[in-house]
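Hi,

Here is the structure I promised to pass on. My notes follow below it.

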Amino acid sequence: MRIETTRHLHCTVMRASGELDHAGRVRFSARIQAVWNWSRGPVLVFDLADLDFFDSSVIGVLAMAMQRMEEEESAGRIILVQPSDHLLSVLRLTDLLSHVELRDSVEGTVAELMVHAPAATEPPPSPFYSP
């Protein structure tokens, strides 16, 4: 499995390709934890269109992020870009669909977040420095 992460001012985009199985879930979850503070909220944009295979591990990855947002009472958001019909069906069956936002493209999502971002009184936290 390959995970590409791109930091934008108002979100973090994570593109996954290959096979998301148990081993991939562990790596993907660790990567989410590593980039958690890259955006306020955080706002995580997942592009999973290039996954060749996924099992229930995809639910584990998304549920982990949702649970952490809930535990931290954060204003975080999870956005899925062009999820497959199969993934939508699984999200519906597990009642997770109501906890994610759906979008048509990564570029459009990033642009939308930039236009509709609240004015910040301070810069977003740096993943490299903590006061």
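Helices (H or I, at least four residues) and strands (E, at least two) are DSSP runs, numbered from the N terminus. Axes are lines fitted to C-alpha atoms, over the stretch in contact for helices, and angles between N-to-C directions run from 0 to 180 degrees.

Bear in mind that this is a predicted model, where local features need pLDDT of at least 70, side-chain atom pairs count only at pLDDT 80 or more, and totals for chains, interfaces and linings use all residues. Residues are numbered from 1 along each chain as its sequence is written, and side-chain values use heavy atoms, with hydrogens and water left out.

With that said, helix α2 (residues 57-71) lies across β2, β3 and β4 (77-81), and runs at about 150° to β4. Helix α4 (residues 106-115) also packs on the sheet, where it touches β2, β3, β4 and β5, and its direction makes about 150° with that of β4.

The sheet itself is open, with five strands in the order β1-β2-β3-β4-β5 and mixed pairing; two strands pair if DSSP finds at least two bridges between them. β1 (2-7) and β5 (101-103) are at the edges with a single partner strand each, so one side of each has no neighbour in the sheet. From one strand to the next, the twist averages 25°.

As for the pairs, β1 and β2 make a hairpin with four residues between them, antiparallel over six bridges, and Glu4 sits opposite Arg15 in β2. Strands β2 (residues 12-20) and β3 (residues 43-54) are parallel over eight bridges, with Val13 opposite Val45 in β3.

Cheers

Definitions and conventions:
Contact means heavy atoms within 4.5 Å.
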